[in-house]
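Please walk me through this model in the viewer. Tell me what to select at each stop and what is there.

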Amino acid sequence: MGGLRSIFWATVIIILAVGKLLAQETTCEQTLNGANDEFNSGRFYGVPGMLADCIRDGFTREQLQRAYLLLTQTYLLMDDPLAAENSYIQVLKANPEFATDPAVDPIDVVYLSKKFTASPIFSMYLRIGSNVSPVRVIHTIEPSSGPVPIDTRYTLKPGFQFAFGVDWNYNEHLALSTELGYAFSPYKRERFNVFGRDRQEFYDKMTWVTVPVMVKYSFDRFRKSQVRNIRPQVFAGISVGYLLSDKGDIQIFNNNLTDGTLTTVTASNPSVDFIPQRNRLNTAFLVGGAVKYKWKLQYLFAEVRYGFGLNNLVRAPFSGISMQEFGHVDDYFRLDNLSVSIGYYHPFYKARKLKKAKTKSVLKSVKKTGNENKEE
């Protein structure tokens with residue numbers, strides 16, 4: 001019985017709490033509607049007092065936006081510009097991406113809005129994805145020469161990467177970005193006719209820490225599209241990479257001809273450390289593009305980028321035992337990187353007054369709206 005009594009009273013408390021919240025929300029919505037009626041009737045001085053209690057602890061974020069926008073209009077008509085500015089700041093805090101519409105909002109509110117912004121100064125993001133690393137050979141070095149030429153083939157192998165980044169937003173379109181990233185970038189090389197008839201496989205597994213610096217440009221929307229919650233972006237920059245580790249697996253298939261019969265003997269040398277043979281610093285020129293999808297006040301994004309390796313990664317092409325037993329030598333080469341990532345982008349909005357107001361666009365918008373009305 002004691003257990004049933006506890007469940008009963010817990011249920012009653014929950015029902016009362018939910019009912020109180022619903023009643024409070026309904027009351028504050030009615031209060032906001034009443035304040036609108038007061039404003040429309042020309043009784044401006046009573047509006048701030050009507051909204052005070054619900055502003056303090058009753059409005060939802062959407063209701064706060066409407067309430068402070070109403071207060072902005074009220075204070076402008078009451079000739080109190082400082083209170084109007086403070087109210088509009090609160091509009092942007094309730095909804096950082098709020099924008100006035102000259103076709104709907106009063107012209108004095110539209111004009112005032114051009115003095116403020118809530119665009120983020122800094123934004124942070126995380127991305128993760130897959131990559132492949134094309135090898136660009138600078139100079140081929142072969143382990144042997146003979147009547148049959150050696151055939152070398154490089155093959156792409158899938159890797160992965162993740163990164164944490166920060167954008168410093170110069171304005172709504174232009175940003176300077178930097179990242180701290182980790183990348184696993186493997187590739188495979190096969191050589192045929194080594195020592196006349198043998199085949200060699202080399203699977204190189206590199207891990208990097210990367211620090212790119214990029215300039216990004218974001219568009220409001222795709223060209224001629226009216227969809228504004230999808231924003232395309234392009235970027236370019238320079239990346240500096242440091243080689244953390246480089247492990248190579250070498251396998252050779254010795255094709256021996258004995259009494260007219262071809263037999264194959266396989267030998268392997270896994271996890272050879274190639275760091276002593278590598279230049280560990282690498283710079284790359286980056287280009288890429290992304291598409292950001294607005295999700296509430298944050299963004300989800302997908303991006304593609306290509307890094308053109310600028311440095312030769314091979315310091316010593318001959319690698320001791322690997323060369324003697326397996327005939328392995330490195331070509332001099334640069335390493336590119338093609339990556340595809342998805343990520344989460346978090347802007348840190350900051351409502352503030354601009355040093356220079358963007359009021360020139362208001363007159364253009366009003367003129368455009370007037371011309372459209374005449375045509376109709």
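This is a predicted model: local features need pLDDT of at least 70, side-chain atom pairs count only at pLDDT 80 or more; totals for chains, interfaces and linings use all residues.

Residues are numbered from 1 along each chain as its sequence is written, and side-chain values use heavy atoms, without hydrogens and water.

Start with the whole chain. It holds 7 helices and 14 strands (DSSP runs: H or I, at least four residues, for helices; E, at least two, for strands). Of its 376 residues, 37% are buried (under 20% relative accessible area, with exposed over 50% and partly exposed in between; 1.4 Å probe, protein chains only).

Now show the aromatic rings. The whole structure has 16 aromatic pairs (rings of Phe, Tyr and the six-membered ring of Trp, centres within 6.5 Å; planes under 30 degrees apart are stacked, over 60 edge-to-face, the rest tilted).

Select Tyr 154 and Tyr 187. Their ring centres lie 6.0 Å apart with planes at 45 degrees, so the pair is tilted. Tyr 154 is in strand β4 and Tyr 187 in strand β6, so the pair ties together parts 33 residues apart in sequence. Tyr 154 is partly exposed at 27% relative accessibility; Tyr 187 is buried at 2%.

Next, select Phe 202 and Phe 274. This pair is also tilted, 5.1 Å centre to centre and 55 degrees between the planes. Phe 202 sits in strand β7, Phe 274 in the loop between β9 and β10. Both residues are buried.

Together with Tyr 154, Tyr 187, Phe 202 and Phe 274, Phe 333 forms one aromatic cluster.
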